[in-house]
2 protein chains.
Amino acid sequence: MSTTGLYQDEHLEINLPQAMVSVDEQRLILTRKEFELLAMLSANEGEILPRNVLLDRIWGYSEEIRTRTLDVHIRRLRKKLGLYGDSYIQTIFGVGYRFQRFREPRALISYQSPLFAATA
Amino acid sequence: MSTTGLYQDEHLEINLPQAMVSVDEQRLILTRKEFELLAMLSANEGEILPRNVLLDRIWGYSEEIRTRTLDVHIRRLRKKLGLYGDSYIQTIFGVGYRFQRFREPRALISYQSPLFAATA
DNA sequence: CACATAATTTACAACCTTTTTACAAGTTGG
DNA sequence: CCAACTTGTAAAAAGGTTGTAAATTATGTG
C-alpha cells in the first residue's frame, strides 16, 4: 500500500483515510478492530507482521498475555473478505500474518524432467 | 459536497445557502437543529464526524455532557429523509456518523466454485 | 509415525452503544 | 393565551462488538 493510505486491485479497495473497504464494488462493514487489523496489515503489504507486534499495536497486549483474540479477528476479517479472504491474508505459521496483493490464480504447469522420462 | 453548499443526486437535493432540502422533488420541512445536523454532515460528505465534534459544533456541548440528544435528532432526520434515511446517514459504531452519497444497490452475484460444480 | 505446538473454527456471554418511544418543558406566532 | 411546533431527556428495547473457552484441524519435528 502506498503512503496515501489507499490500496486497490481487481477485487479489493481500501481507503484508510475514509475508513472504507469494498470487495467487488460492495461496501464492507467492518468493526473497529477488524478495520484496524486490516489497516495495519495492508499498510504493510507484503511484510510479515508477527503476532506479538499486532497484539501490541492493536490491542496493547504485552507478550505475556496468552490469547486467541488475534486469530479470531483474523478469521472474522477473512470471512468478510469473502472468496478472497485467504488469498489476501496469509498465515505465517509460528510467526504471524501477512497481507498480499491479489494474484490471478494461474493454471498449474506440470514439469516432467527429461532425466527421469520413461523410456519407450 | 462542494464548497458551494450544494448537494444533489438522484433523490436528494440540498441547498445550504437557501436552506432548502428536497427528497424526490418533494420539499422537506426540517427544524433548525435537523437542518444544522444535515448541513454539517453533508458539508463533510464521506467524512466520519465523531459524536463529540457534532455535539460541540451544533450544541456547544463539551465531552463531559452525557446525552442522547444527537441520536434522537439523527433519528428524526433519517425519518424525514424517508426511504433513504439509513442510506445517507451511516452510523459509525462507537465513533459518530457519516453522510454518504447515494449508491444504487447492486445485484448480488452468485459464485459457483468450479471445484465443486456438479458434473452433468 | 507420534508427538507437541500452533492455528482455525464455533459458540457464547458480557459489555457497551444505538435506536426507539414517549413525555414534558420550552418556544413561537397568531 | 392558545395551539402547534421544537427540543431534550429518560428509559426500555434492540443491536453490535469483543474476548474467551473449547473442540477441531493443521503443521512442524524428531
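Colleague: Which residues come closest to DNA strand C, and how many surround it?

Modeller: This is a predicted model. In it, 16 residues surround DNA strand C. The closest are A:Asp71, A:Arg75, A:Thr91, B:Asp71 and B:Thr91.

Colleague: Which elements give two or more residues to that surface?

Modeller: α3 of chain A and α3 of chain B.

Colleague: Let's look at α3(A). How does its span compare with what its twelve residues should give?

Modeller: The two agree. At 1.5 Å a residue, α3(A) should span 16 Å, and its end C-alpha atoms lie 17 Å apart.

Colleague: What comes just after α3(A)?

Modeller: A:Gly82, with a positive phi of about 65°.

Colleague: Over to chain B. At what angle do α1(B) and α3(B) pack?

Modeller: About 85°, with the axes 10 Å apart. Angles from 65 to 115 degrees count as roughly perpendicular, so α1(B) is roughly perpendicular to α3(B).

Colleague: Which residues make that contact?

Modeller: From α1(B), they are B:Lys33, B:Glu34, B:Leu37 and B:Leu38. From α3(B), they are B:His73, B:Arg76, B:Leu77 and B:Lys80. By class, the contact has four charged, three nonpolar and one polar.

Colleague: Why would residues three or four places apart on a helix point the same way?

Modeller: Because an α-helix has 3.6 residues a turn.

Colleague: Switching to sheets. What is the strand order in chain A?

Modeller: β5-β7-β6, in an open sheet of three strands with antiparallel pairing. β5 (48-50) and β6 (89-92) of chain A each have a single partner strand, so one side of each has no neighbour in the sheet. The twist averages 30° from one strand to the next.

Colleague: How many bridges join β6(A) to β7(A)?

Modeller: Four, and the strands run antiparallel. A:Thr91 stands opposite A:Tyr97 in β7(A). A:Thr91 is also among the residues closest to DNA strand C.

Colleague: What does α1(A) touch on that sheet?

Modeller: β5, β6 and β7 of chain A. The direction of α1(A) makes about 70° with that of β7(A).

Colleague: Back to chain B. Which strands pair with β7(B) there?

Modeller: β5(B), residues 48-50, joins β7(B), residues 96-99, through three bridges and runs antiparallel to it. B:Pro50 sits opposite B:Gly96. β6(B), residues 89-92, pairs with β7(B) over four bridges, also in the antiparallel sense. There, B:Thr91 has B:Tyr97 as its bridge partner.

Colleague: How many residues lie between the strands in the β6(B) and β7(B) hairpin?

Modeller: Three. In that hairpin, B:Gly94 takes a positive phi near 80°.

Key: Residues numbered from 1 in each chain as written. Chains lettered and ligands numbered in written order. Predicted model: local features only at pLDDT ≥ 70, side-chain atom pairs only at ≥ 80, totals over all residues. Expected span 1.5 Å × (residues − 1). Axes fitted to C-alpha atoms, helices over the stretch in contact; angles between N-to-C directions. Parallel < 35°, antiparallel > 145°, perpendicular 65-115°, else oblique. Contact = placed C-beta atoms within 7 Å. Nonpolar A, V, L, I, M, F, W, Y, C, P; charged D, E, K, R; others polar. Pairing = 2+ DSSP bridges. Near = placed C-beta within 6 Å.
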